[in-house]
Amino acid sequence: MWRLAADAYRTGRVLSRVLSRVVVLAAIPVLFSVSQSPAQSEFSLGVPVVCTLGVDCFIQNYFDGDPGPGIGDYACTAASYDGHTGTDFRVVSMADIARGVSVVASASGTVKATRDGMMDVIMTDEQRADVEGRECGNGVVLDHGNGWETQYCHLRRGSVEVERGDVVAAGDKIGEVGSSGLSEFPHLELSVRKDGENVDPFTGMIADGVCGPAAEAGALWADGVTLPEPQSEDLEAGFTTGPISPDDAVGKTKAFPLPEANGAALVYYAHLANLRAGDVQRIQIIRPNGEVLVAQQAEALPQNQASYVIFAGRRKPDGGWPTGTYRGEYQLIRGDDVVLQRSDRVEVR
């Protein structure tokens, strides 16, 4: 029997210093300030991705509103990393890039700059020098007037549909979600700027350490736009035939193979985002006859995790796997509460 295995992405840890250093296409550093940006009534934003948040796309990292070395998102949690100046709208894996997820202009404006042609990759720490000065990857910058700009980073190679000088309306397609530049998972990073200062679209403010309802009153999202609060997300779960690593989960370009009666192993995995220090996870597999094949509980997480993969399984017994329906169950426990759970089934033939 395998011991329970779990691993986390490097997102927000190994590469955080690089990610926070350069955020604009021209690689011009933007400095933090501690004052509120001008009135937000002059400018509003729509959702920049064409997908269903919480179903086939998710917000991975929010704007870091803490001007110091700490981390704080608009809701007073820590679903971000130090110095993050954008909002990351992610899809689960590289397979989603292939199907195409449209990126649209959040507001009407004029195209100020573009880049295309960079490869879609899952960046490692060793490769970051390869994109120095081009960390945004393939991207678009829109000028909305009165000092407002939006920037769309990590677009899919070959997907940019606009050119400098083009006028676009809110909701017009400008590209597709990709993983170009300094990107550890496929996503769109939306950055908002006012007079050169990075602004949190959930508060309308630059990094000043203010969070909660008072800060949220200045949000830039247009009327009718509802976005999820920072929360742990169930990205994906299911059965496969062997151990799963974070790189396997995010880098896959097609579905994992399913267990078969004569297969070498039967594994159930879960892929999560935005877990918190102290979270406890349980995972188990139930045989077709209702008996527990394997059940394990991970130790409490010592720190927040941007992304996480956990799995449990067994190697093939003598004579192979009994045919029938196997059930996998996952629970995320925070304090005394089960805050996330799911159940999945697979038919072994």
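Tutor: Strand E14 (residues 280–286) and strand E17 (residues 324–334) run antiparallel and are joined by 7 bridges. This is a predicted model, where local features need pLDDT of at least 70 and side-chain atom pairs count only at pLDDT 80 or more, while totals for chains, interfaces and linings use all residues. Residues are numbered from 1 along each chain as its sequence is written, and side-chain values use heavy atoms, with hydrogens and water left out.

Student: What counts as a strand, and as a pair?

Tutor: Strands (E, at least two residues) are DSSP runs, numbered from the N terminus. Two of them pair if DSSP finds at least two bridges between them.

Student: Ok, which residue in E17 stands opposite Ile285?

Tutor: That's Gly328. Gly328 also has a bridge partner in E18, namely Asp344.

Student: How many bridges do E17 and E18 pair over?

Tutor: They pair over 11 bridges, in the antiparallel sense. Their hairpin has 2 residues between the strands, and Gly335 takes a positive phi near 70° there.

Student: What's the strand order in the open sheet?

Tutor: E15-E14-E17-E18, 4 strands with antiparallel pairing. Strand E15 (292–297) and strand E18 (337–348) stand at the edges with a single partner strand each, so one side of each has no neighbour in the sheet. On average, neighbouring strands are turned by 10° against each other, direction ignored; the axes are lines fitted to C-alpha atoms.

Student: Switching topic: which residues touch the most other members in the largest nonpolar core?

Tutor: Val103, Val140, Tyr152 and Val192, out of 34 residues. Strand E6 (138–145), E7 and E10 are the elements that give two or more residues to this core. A separate second core has 24 residues, including Ile285 and Tyr326.

Student: How is a core defined?

Tutor: It's a set of buried Ala, Val, Leu, Ile, Met, Phe, Trp, Tyr and Cys residues joined through side-chain atoms within 4.5 Å. Buried means under 20% relative accessible area, exposed over 50%, and partly exposed in between (1.4 Å probe, protein chains only).

Conventions:
Axes fitted to C-alpha atoms, helices over the stretch in contact; angles between N-to-C directions.
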